[in-house]
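Hi,

Here is the structure I promised to pass on to you. Please open it alongside this note, and my findings follow below.

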Amino acid sequence: MRGRDLLRSRALRLALLYAALFGVSITALLGAIYLLAANQVRSHVDEFVASELEMLQADYVVDGFDGVLGLVQSRDASDRSNHWLYLYVAADGSRLAGDDDPWPDATPDTDGFLTLPARQHRGVVRARVAHFPDGSRILVGLNDYEVGEMRSALARSMGLGLGAMLLLAIGGGILVTLAMLRQIEAINRVTRDIMAGDLRQRVPITASNDEFDMLGRNINAMLDRISTLMDAIRGVTDNIAHDLRLPLSRLRGRLEASLADRNQPAQLESAIEQSIDDVDSILTTFGALLRIANVESGRPRESFTQVDLTAIVHDAEQLFEPMASAEHKTLRLDADVGVQIRGSRDLLFQALANLVDNAIKYTRAGGNILITLRRRDAHIELCVADDGPGIPEDQRDKVFQRLYRADPSRSSAGNGLGLSLVRAVVLLHDGYCQIVDNAPGARVILSLPVAIDSRLA
Amino acid sequence: MRILVIEDDADTARYLIKGLREAGHAVDHAANGKDGLFMAASEPYDGLIVDRMLPHVDGLTIVSTLRASGNAMPTIILSALGEVDDRVRGLRAGGDDYLVKPFSFAELLARLEAVLRRSRGSGATDTVLRVADLEMDLLGRSVRRGHRAIDLKPQEFRLLEYLMRNAGQVVTRTMLFEHVWDYHFDPQTNVIDVHISRLRGKIDDAQSVALIHTVRGAGYCLRASKS
């Protein structure tokens with residue numbers, strides 16, 4: 001993990017953004033609390049002043065002028081904190097008791113309070129005035145210094161809290177980001193190794209089964225599929241190289257030899273004709289490979305139509321019956337009527353033709369080939385069975401592979417692609433194919449899904 | 001016949017022109033789609049052979065442009081794209097036939113003759129086809145050779161009908177497979193040959209002159225005598 005990665009990380013940017021949003025909202029909340037609390041304290045100051053003044057007025061009623069004078073003097077002596085301000089003056093303005101300050105000339109607000117500058121401390125003095133019947137008046141004030149104290153204490157603790165919160169958010173964000181980056185880095189490491197050519201690498205999966213594990217599992221499944229495909233392609237490439245080298249070297253040899261025959265037109269002509277045959281067989285192999293690739297790409301699905309499979313099997317029987325009987329073999333057909341499927345008529349026919357052609361080719365004279373078409377409940381079963389030599393069990397899957405020939409020495413006819421096309425066509429139609437023992441012989445079974453509207457069609 | 005070849009590959013063009021001239025056709029050549037379309041639209045050719053992939057204007061556009069302007073010139077589209085869909089697109093654009101590269105010249109020539117013949121409209125509305133003493137009644141679905149009635153299965157009837165409609169012309173195995181069986185791929189086996197030999201057994205007996213001839217390297221030809 002590099003610091004640069006962390007700074008560029010989307011996860012970190014998200015964490016910081018969250019911290020910022022959280023900070024703003026917390027600040028707004030704390031600000032509101034602060035204002036409310038400050039107002040509350042100020043109104044308490046006003047209440048203190050009002051009740052003190054009421055007490056003085058009550059004293060005047062009870063004890064008259066002397067009562068007030070005594071109380072102010074006793075307050076003056078006991079209150080060392082100088083939070084309170086008392087000014088008691090006679091009707092002529094001369095000082096009677098209290099502090100030394102001059103009588104303020106400020107005008108009271110709507111609540112009857114004066115706001116005076118404080119002598120000591122910071123803040124202001126909230127004061128109220130009372131007039132007695134003898135013309136004397138008294139001013140009682142209280143420094144709201146405590147409000148300021150409380151305000152700054154509040155602000156300090158809120159600031160500390162906010163800072164701690166932001167630190168936690170950023171720190172947590174970084175931790176979460178690091179954990180996330182670690183998991184992403186694990187995936188990145190695997191993909192880098194794979195890009196470097198080591199296809200066996202897999203993303204480690206933890207036990208937590210979280211979304212990273214899901215991602216990892218999907219990536220691993222994708223890698224498995226890719227390596228399967230790559231193995232298949234490698235196999236095919238090897239086979240193509242192998243299968244084409246033979247006819248190409250034969251062609252080369254013939255062309256070289258024909259140079260010596262250049263003065264014998266008849267031999268030259270036959271050499272050229274044979275060369276064309278060789279090239280044609282190579283082109284046929286290529287054509288078949290391209291066709292299989294096209295079928296496997298799924299593109300022909302775009303032109304699927306409703307196809308009468310019964311008609312197709314009848315066409316195949318009709319097409320191949322003369323060939324079978326010319327080779328003293330019997331080709332028979334047993335088909336359910338009106339079997340419909342969504343698919344490609346040409347491809348289905350070609351797949352069936354390949355199977356029937358194979359069956360005829362690999363059956364001895366006097367042998368039997370049977371095509372059956374059955375509609376089962378959930379699928380359509382198309383079988384081509386023969387009583388020829390059959391296919392050994394261990395080769396029944398391999399014969400569907402490209403360019404595989406069960407017995408390389410058996411025949412030079414065919415290119416080992418017929419059954420590969422069959423399988424590709426069946427898979428294109430969402431079906432599957434298998435070879436079973438026909439005792440004797442082989443039975444190729446194609447299972448195709450029933451067209452949804454086959455009953456209606 | 002006067003044929004226009006629109007083909008950008010110089011080797012293929014040379015090969016086509018040489019073969020067509022040897023077959024007795026007068027040939028003009030255009031090496032790109034723009035010139036080709038101009039020539040096809042301004043000169044009265046009997047037939048057009050056009051490559052699908054061309055510089056400037058592609059083959060399908062040329063054909064559909066000609067068809068849109070009412071030009072019904074018999075046309076064969078050549079293409080390296082061989083799948084059923086490609087073929088359907090080619091024919092939908094207005095091509096009379098569609099041939100996948102690589103092809104043998106014999107295949108091209110046979111198909112060209114077939115589309116030229118079809119465009120002349122010969123036999124399209126006939127009810128009886130005759131070649132020498134072979135007679136096919138399309139309405140009665142019966143066939144006679146001289147005085148001998150010949151019993152044919154439906155598929156054999158269609159096979160013979162196609163050969164008779166193209167009498168004197170070479171028809172290839174794939175042409176037979178396409179027109180008689182209506183499937184579009186190269187069957188790669190000798191199934192068609194077996195059908196022909198069975199048909200030949202019914203048409204040509206020991207007493208009569210052979211009508212169905214095998215043309216080496218190309219296909220079959222139904223004609224009265226060896227020319």
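**What I found**

Helix 3 of chain B is followed by B:Gly70, which has a positive phi, near 80°. Helices here are DSSP runs of H or I with at least four residues, strands are runs of E with at least two, and both are numbered from the N terminus.

Before going further, a word on the basis: this is a predicted model, in which local features need pLDDT of at least 70 and side-chain atom pairs count only at pLDDT 80 or more, while totals for chains, interfaces and linings use all residues. Residues are numbered from 1 along each chain as its sequence is written, chains are lettered from A and ligands numbered from 1 in the order in which they are written, and side-chain values use heavy atoms, with hydrogens and water left out.

Back to helix 3 of chain B, residues 59-68: its buried residues are B:Gly59, B:Leu60, B:Ile62, B:Val63 and B:Leu66. Buried means under 20% relative accessible area, exposed over 50%, and partly exposed in between (1.4 Å probe, protein chains only). Seen down the helix axis, these buried residues fall within an arc of 160°, so they line one face of the helix; the arc is taken over the directions from the axis to the C-beta atoms. Their cover includes strand 1 (2-6), helix 2 (33-42), strand 3 (47-51), strand 4 (75-79) and helix 4 of chain B. At the start of helix 3, a side-chain oxygen of B:Asp58 comes to within 3.0 Å of the backbone nitrogen of B:Leu60.

A salt bridge is a side-chain nitrogen of Lys or Arg within 4 Å of a carboxyl oxygen of Asp or Glu. Over all chains, the whole structure holds 35 of them.

- B:Asp204 and B:Arg145 form a salt bridge at 3.1 Å, N to O. This pair links distant parts of the chain, 59 residues apart, with B:Asp204 in the loop between helix 8 and strand 11 (212-215) and B:Arg145 in strand 8 (residues 142-145). Both residues are buried.
- One network, joined by salt bridges that share partners, takes in B:Arg87, B:Asp97, B:Glu107, B:Arg111 and B:Glu178.
- B:Arg111 and B:Glu107 form a salt bridge, with their closest N and O atoms 2.8 Å apart. Both lie in helix 5 (residues 105-119) of chain B, 4 residues apart, about one turn of the helix, and both are buried.
- B:Arg130 and B:Glu135 form a salt bridge at 3.1 Å, N to O. B:Arg130 is exposed, with a relative accessible area of 57%, whereas B:Glu135 is partly exposed at 31%.

**Where chain B meets chain A**

How many residues of chain B are in contact with chain A? There are 21, and they touch 23 residues of chain A, contact meaning heavy atoms within 4.5 Å. The area buried between the two chains is about 2,000 Å², with carbon and sulfur atoms giving 54%; buried area is the accessible area (1.4 Å probe) that two parts lose on being put together, summed over both. In chain B, B:Glu83, B:Tyr183 and B:Phe185 lose the most area to chain A, together 31% of what that side buries.

Between the chains there are 3 salt bridges. One joins A:Glu321 and B:Arg198, with the closest N and O atoms 3.2 Å apart. Helix 8 of chain B gives the most to the side that touches chain A, with 5 residues.

Enjoy exploring!

How values were computed:
A polar contact is a pair of N or O atoms within 3.5 Å; within protein, one must be able to donate a hydrogen and the other to accept it, and residues adjacent in sequence count only if both atoms are side-chain atoms.
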